[in-house]
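Have the sequence and the 3D view at hand.

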Amino acid sequence: MELVYSKIKLSNPRKPDLRPIEVTSLVDSGAIHLCIPESIAFQLELDTQEFRNVQTADEKIHSLPYVGPIRVDFENRFCFVGAMVIGNETLLGAVPMEDMDLIIHPAKQTLTVNPMSPNKPLYKIK
């Protein structure tokens, strides 16, 4: 399976005077959280809420800033989440994807809104 990338917009809902940032994000339904580089957290003036411990693939444990809130926009969808600050690229994980009812189109290997609910997200709650 190829890597999937998609354009998303990130903004700070606490500071509406700051312009949103459009980024090309790695999309990974196997990851859980939104991860952003320090440069984006700085540009959006996001507040560090706490430090959270994470384990990377090399089994090392790191204490990372957890920032937010952050607004994520994709096409006609948006959500509010926190983000881990790590690395040099943005990673869109399962939590924001589920919140916006997005799917990875298997044949095209692209991120898209759920075709079963093209106008508004549909949530399964039980």
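Glu45 sits in the loop between H1 and strand S4 (47–55); helices (H or I, at least four residues) and strands (E, at least two) are DSSP runs, numbered from the N terminus. Because its relative accessibility is 37%, Glu45 counts as partly exposed, that is, between buried (under 20% relative accessible area) and exposed (over 50%), with a 1.4 Å probe and protein chains only.

Setting aside neighbours within four places in sequence, Glu45 is in contact (heavy atoms within 4.5 Å) with Asn12, Lys15 and Leu18. The C-alpha atoms of Glu45 and Ser11 are 9.5 Å apart, although 34 residues separate them along the chain.

## How to read the model

This is a predicted model, where local features need pLDDT of at least 70 and side-chain atom pairs count only at pLDDT 80 or more, while totals for chains, interfaces and linings use all residues. Residues are numbered from 1 along each chain as its sequence is written, and side-chain values use heavy atoms, leaving out hydrogens and water.

## The nonpolar cores

A nonpolar core is a set of buried Ala, Val, Leu, Ile, Met, Phe, Trp, Tyr and Cys residues joined through side-chain atoms within 4.5 Å. The largest one here has 26 residues, and Leu10, Leu34, Ile36, Ile70 and Val72 have the most contacts inside it. A second, separate core of eight residues includes Ala31, Cys35, Tyr66 and Leu91.

## The whole protein

Overall, the protein has two helices and nine strands, in the order β-β-β-α-β-β-β-β-α-β-β along the sequence. Buried residues make up 40% of its 126 residues.
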